[in-house]
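Have the structure open as you read.

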Amino acid sequence: MLPLRKNIAEMAGYVPGFQPEEPGWIKLNSNENPYPPSPKVVEAITAEMANGGENLRKYPDAASKEARQVTAELYGFDPSWVIMANGSDELLNNLIRAFAGEGDEIAYVHPSYSYYAALAEIQGAKVRTFGLTKDFQIADFPDRYDGKIFFLTSPNAPLGFSFDNNYIETLAERCVGILVVDEAYVDFTDASAMELVNKYENIVVTRTFSKSYSLAGMRLGLAVARPEVVSALDKIRDHYHLDRLALVAATAALQDQAYLLATVAKIRDTRDWFSAELGKIGYRVNPSQANYIFAESPDSNSKRIYDALFSRKILVRYFSDPLLRHGLRITIGTREEMETTLAAMAEIG
Ligand SMILES: Cc1ncc(COP(=O)(O)O)c(C=O)c1O
C-alpha cells in the first residue's frame, strides 16, 4: 500500500469539461471564448521566441513585475496589492492553502464552481455549502460566518446572475474570515467588486484570462487583495509559476483593452440575441451577465436536449446535480455557431 494521505486516497478529484479531440464540433461546454486573443498577444509571444528561442533558455521573472505593474495601473491599485497566477485556479488553491488548514472550514454557494470543494479536500479542510433563495441571495447565511474562507462566484456559474456590491458588502461584514469574490466572468457585465478591496480588508477578488481575454490555453489569472494577503500568496506559490510566454501574453492582453472590449461586446450581443431567440421557442433562460446562459427546455428534460445536440456534434454542459439537471449551460460562441445551435434546438423541439 502506498502511504497516500487518507483524504487524497478517498477523494474523487475534479472532472473538467469534455475536450473532444476530433474537429467539427461546436464546443459550447467550457465557457471558452470563440474569438482568438488580441493580435498584440500573439506578437508578444512571437517576439519572446525570437532568435531561435534564445530567451527561453533563461528563467522567467519570478515576481511577474511588469504584469503586476500593468494590472495595478489598470485597476488603480499599488502593485503590492496585485498577484498574477497560473490560472485563477492557482489562486483559489493557494488561498485555501494560506487560510484553511486541516479541519478548518471553507464555504461556497451551491450551485457555483465546485472546484473549491476539491481544493479544500486536498488540504483536509471541511466544506460547507450555502444554497440560493429564489431571488438569488444566499439562503441562511449567518450574521457571523466564522469559516476561514467564503467563496462567492459573481457572476454565478452556471446561473449567470451577479451579486450586487451592497450585498457583497453585507457578506464581507458577516465573514470573520476571507471573502473571495471569484470574478472569472466579470468582464461580461458592468459590475465588479474590485473597489471593495479598498474598503474591506477581508475581500480578495480573483480574475481569469481564460474567458474574456481568450487565453484559457496560456493559464493566467490575477488577484487584487491587501498586501498582507498578496505576500502570503507569494510565499506559497511555486517561484517560477508563470513561464516567459505567459508573462508577455498577460502584459500584452491587459494593455489591449480596446480589443477586450470589442470581443466582449460581440459576445454580449450574441448572448442577448440567443437568449431572446430561445425564449421564442419556449425555453426559460436566466438573464445572464456572463459568456454562457443557463436555459431550461419546455419539457425540462435537459438530458434529452443534451444528447440530441451531442449527436449533432454540438457540445453543451449538462449537470446531473438535482439543482441543475432541469437546464443546460450553453457557452456563447460566434453568432454563426449560435445560429446553428438555435436551429438544432428548434428542430429537436
Ligand atoms: C467560476 C470560475 N472560477 C475559476 C475558474 C478557473 O479559471 P482559470 O482558467 O483561470 O483557472 C473557472 C473556470 O471555468 C470558473 O468557472
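In this predicted model, D182 puts a polar side-chain atom 2.7 Å from a nitrogen atom of the ligand.

On its own, the ligand has 400 Å² of accessible area, and the protein covers 91% of that. The space the ligand takes up is the largest pocket.

Who else is around? The ligand has 13 residues around it, and those that come nearest are S88, D182, Y185, T208 and S210. By type, the shell splits into four nonpolar, five polar and four charged residues.

Now for the backbone. H110 and P111 are joined by a cis peptide bond, with omega at about 5°; P111 sits in the loop between β3 (105–109) and α6 (115–123). Another cis peptide bond links S154 to P155, with omega at about 0°, and P155 belongs to the loop between β5 (149–153) and α7 (165–174).

Positive phi turns up at S64, about 45°, although S64 is not a glycine. You'll find S64 in the loop between α3 (50–53) and α4 (65–75). Buried or exposed, then, for S64? S64 counts as buried because its relative accessibility is 2%, under the 20% cut-off.

D140, also not a glycine, has a positive phi of about 55° and lies in the loop between β4 (126–130) and β5. With a relative accessible area of 71%, D140 is exposed.

Notes: Residues are numbered from 1 along each chain as its sequence is written. This is a predicted model: local features need pLDDT of at least 70, side-chain atom pairs count only at pLDDT 80 or more; totals for chains, interfaces and linings use all residues. Side-chain values use heavy atoms; hydrogens and water are left out. A residue is near a molecule or strand if one of its heavy atoms lies within 4 Å of it. A polar contact is a pair of N or O atoms within 3.5 Å; within protein, one must be able to donate a hydrogen and the other to accept it, and residues adjacent in sequence count only if both atoms are side-chain atoms. Accessible areas come from the Shrake-Rupley method with a 1.4 Å probe; for residues, only the protein chains shown count as cover. On a 1 Å grid over the protein atoms alone, a cavity is a set of points where a 1.4 Å probe fits but cannot get out, and a pocket is an open set with protein on both sides within 12 Å along at least five of seven lines; lining residues have an atom within 4 Å of a point. A molecule sits in a cavity or pocket if more than half of its atoms lie within 2 Å of its grid points. Ala, Val, Leu, Ile, Met, Phe, Trp, Tyr, Cys and Pro count as nonpolar, Asp, Glu, Lys and Arg as charged, and the others, Gly among them, as polar. Helices (H or I, at least four residues) and strands (E, at least two) are DSSP runs, numbered from the N terminus. Buried means under 20% relative accessible area, exposed over 50%, partly exposed in between (1.4 Å probe, protein chains only).
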